[in-house]
Amino acid sequence: MQYRFPDHFWWGSASSAAQAEGASLQGGKAATIWDHWFATQPHRFHQQVGPEHTSGFYQHFRDDIALMQQLGHNSFRTSIAWARLIPQGRGAVNPEAVAFYHAMIDELLAKGIQPFICLFHFDMPLAMQELGGWESREVIDAYAEFADTCFRLFGHKVKHWFTFNEPIVPVEGGYLYDFHYPNVVDFRRAATVAYHTMLAHAQAVVRYRARQLEGQIGIILNLTPSYPRSQHPADLKASQIADLFFNRSFLDPAVKGSYPAELVALLQEYDQLPACEPGDRELLAAGTIDLLGVNYYQPRRVKARSHAINPASPFMPEWFFDYYEMPGRKMNPHRGWEIYEQGIYDILTNLRDNYGNLPSYISENGMGVEGEEKFKGGDGQIQDEYRIGFIRDHLTWLHKALQEGCACQGYHLWTFIDNWSWSNAYKNRYGFIRLELATGERRIKKSGEWFADVSRRGGF
Ligand code: BGP
């Protein structure tokens, strides 16, 4: 074996409640912003397929968990839907949801699979959005109550908790670039949402620690290294600022308990700072994490801007850099994303050198493929050699990082089974398992068989 991984390495995959459960208005669950947005603007969703059309984990979780066992999983991450557990966002707890999540967690444990549970994966309850979503401090308090309810109900079974998945995405999607509800484009409101999300995160961490449970709490961030076009000072500055906006805006408060001074100064200079209140600073400092989940798909390449900014245009991060297309970059042509395996190593060594080498794991990595049915073999199985290569090459760089002392404890693929992905619906398939939309039939892809073997042998 060329690449052997540590004995207790976490092998598995990740999913989320809204993308897997289905039953989006059943079992006592109330609407999220996704149910609402689809009901009002279905044309914003690929082929007008909405959040009801998932793989149906709510009904099929036992069969699906049996498949996870076949895939050699020793861990699996999903989320608890706030709007299922506490339909109005605060107040009454839904007993059907309590029963469902207990049954799901018990089933995972019975199959030797550690549940990794995230508390917010883009799925704001509509009732909370109506209060202003993350712009409202009331919603922060409601989220902290929800998180504490989860710790009280499931904290003796679940040992790995995550407050948020990719918290920057609802900021970008909902308040900057118009790809999530509520479709606002306004940087200062985006900054408020980002800031309040971290306050909510910190409150949940404080609540978790107060319960003195045996387990760890962390956050999952999509860390996208910012690579400069050249070593010219203007390109370097562009990449440093992109890094401040898109990585350090969440990484620094989560790991160090405070924001980078350069980011605060920059937002102050452009009058974009969100309002702070007494006690915020101390709360953030108390919200540092035990464990970091890293989602990594593709790098961000940038260069100094080549055109002047229209001073009358809205303030945007792109005032400080242009995107850069590197000649000869390796592409996943089925998704239109660059593939740069070394990015995983660069992230982990950065965490080692600049963030105290805190415990981390790769919580999402994966390859989306549009039109994947064209890769079906004669017997109907998806022959996804490209995905095997993708995973293997990323694991090779992860292994190198481990050899050099990085504290990375596992690798989860996005995702277990082809799933509904927000406004992209089923456009890009990512799963170890093929889902036939018409019949609901599940079939392990070639990559799933390969991964099961790697996880059982502890390497390749
Ligand atoms: C990640 C999200 C996932 C999933 C994935 C694939 O950023 O955490 O929820 O959606 O991206 O995205 P897409 O379907 O747009 O390719």
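How much space lies in the largest pocket? In this predicted model, the largest pocket holds about 1100 Å³ of space. Its lining comprises 39 residues, and those closest to its centre are Glu-172, Asn-222, Gln-298, Arg-335 and Trp-337. Two or more lining residues come from each of helix H8 (168–175), helix H10 (233–256), strand S8 (300–303) and strand S11 (337–338). Helix H8 contributes the most, with three residues. By type, the lining of the largest pocket consists of 16 nonpolar, 14 polar and nine charged residues.

**The ligand**

The ligand sits in the largest pocket. It is surrounded by 14 residues, of which Glu-166, Arg-335, Ser-421, Asn-424 and Tyr-430 are the closest. This shell divides into five nonpolar, six polar and three charged residues.

| Residue | Distance to a ligand oxygen atom |
|---|---|
| Gln-19 | 2.9 Å |
| His-121 | 2.9 Å |
| Glu-166 | 2.7 Å |

Taken alone, the ligand exposes 390 Å², and the protein buries 89% of that area.

**The second largest pocket**

The second largest pocket has a volume of about 650 Å³. It is lined by 31 residues, with Tyr-195, Tyr-259, Val-264, Leu-273 and Pro-274 closest to its centre. The elements that supply two or more residues to this lining are H8, helix H9 (187–210), H10, helix H11 (261–269) and helix H12 (280–286). The lining of the second largest pocket divides into 22 nonpolar, four polar and five charged residues.

Terms used: Residues are numbered from 1 along each chain as its sequence is written. This is a predicted model: local features need pLDDT of at least 70, side-chain atom pairs count only at pLDDT 80 or more; totals for chains, interfaces and linings use all residues. Side-chain values use heavy atoms; hydrogens and water are left out. A residue is near a molecule or strand if one of its heavy atoms lies within 4 Å of it. A polar contact is a pair of N or O atoms within 3.5 Å; within protein, one must be able to donate a hydrogen and the other to accept it, and residues adjacent in sequence count only if both atoms are side-chain atoms. Accessible areas come from the Shrake-Rupley method with a 1.4 Å probe; for residues, only the protein chains shown count as cover. On a 1 Å grid over the protein atoms alone, a cavity is a set of points where a 1.4 Å probe fits but cannot get out, and a pocket is an open set with protein on both sides within 12 Å along at least five of seven lines; lining residues have an atom within 4 Å of a point. A molecule sits in a cavity or pocket if more than half of its atoms lie within 2 Å of its grid points. Ala, Val, Leu, Ile, Met, Phe, Trp, Tyr, Cys and Pro count as nonpolar, Asp, Glu, Lys and Arg as charged, and the others, Gly among them, as polar. Grid points are joined across faces, edges and corners, and a volume is the space filled by probe spheres set on the points. Helices (H or I, at least four residues) and strands (E, at least two) are DSSP runs, numbered from the N terminus.
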